[in-house]
Amino acid sequence: MEDKSAFDILVETLESFGFKTESSSIYQPIIVTPSERFLSTKYVCCEITDSIYFFASDSYGTKAYTSSTFTGLYSSLETLKDVEYEVIKRDWFDVFNRKRRKTGIDHVDNNVTILSSGWIPYKELSIENIELFLKINTLGYPFSLVIEDNYLSRIKPLKDKKIIAVETNEWVYEKEEVEKLLRDGEKLIIAIKEIYALLTENVH
């Protein structure tokens with residue numbers, strides 16, 4: 001019997017949780033240059049709630065820098081225009097990053113690195129939300145929290161919108177790992193969206 005691929009395992013895992021998946025595994029020719037005649041692409045997508053999507057993608061091209069792998073949860077976000085940043089688990093190398101921002105809250109600044117051109121997330125990165133983010137990072141993959149305009153246009157309902165994402169540059173497919181990502185990632189996204197809803201309401 002042929003072993004199941006990571007792609008097949010992920011589809012089965014999501015369907016075992018009761019989700020209806022949309023997936024594709026393609027190996028297709030593309031006309032670009034003689035050095036890149038083929039592109040291998042696979043993705044798995046499903047709607048977790050009426051506003052949160054699971055999406056995993058893996059693509060490979062023979063030309064340099066055309067490979068891309070990621071897995072995460074994604075949702076649209078109604079908030080101020082200037083809000084854009086990335087949060088990653090703290091690494092001592094991060095002190096050299098010019099985009100690093102501090103909140104002034106020791107528990108936050110000692111455990112995560114905030115990368116931003118301007119916005120500093122004082123309120124949305126509560127101690128509780130940071131703990132949830134760090135818990136997600138115990139899955140064995142380096143996850144990031146990203147808020148960015150038009151971050152993932154491949155999901156049609158999220159096209160041209162500001163996106164909040166919890167993602168890793170790995171293909172996450174084992175049942176226990178996917179279950180924890182779905183549970184804790186959804187909690188984190190909902191918690192942050194609720195804070196931004198209040199912030200936006202107060203501005204108006």
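I took helices (H or I, at least four residues) and strands (E, at least two) as DSSP runs, numbered from the N terminus. I worked on a predicted model, in which local features need pLDDT of at least 70, side-chain atom pairs count only at pLDDT 80 or more, and totals for chains, interfaces and linings use all residues. Residues are numbered from 1 along each chain as its sequence is written, and side-chain values use heavy atoms, with hydrogens and water left out.

Entry 1, helix H1. I noted that glycine 18 follows H1 and has a positive phi, near 95 degrees. I then looked up the buried residues (under 20% relative accessible area; exposed is over 50%, partly exposed in between; 1.4 Å probe, protein chains only). In H1, residues 6-16, these are Phe7, Leu10, Val11, Thr13 and Leu14. They lie on the same side of H1, because they cover an arc of only 160 degrees around the axis; the arc is that of the directions from the helix axis to the C-beta atoms.

I counted 6 salt bridges in the structure, each a side-chain nitrogen of Lys or Arg within 4 Å of a carboxyl oxygen of Asp or Glu. Lysine 4 pairs with glutamate 12 at 2.8 Å, N to O. Lysine 4 is exposed at 52%, and glutamate 12 is partly exposed at 39%.

Aspartate 184 meets lysine 135 in a salt bridge at 3.8 Å, N to O. Aspartate 184 belongs to H4 (residues 175-203) and lysine 135 to H3 (residues 127-136), so the pair ties together parts 49 residues apart in sequence. Aspartate 184 is buried at 2%, whereas lysine 135 is partly exposed at 42%.
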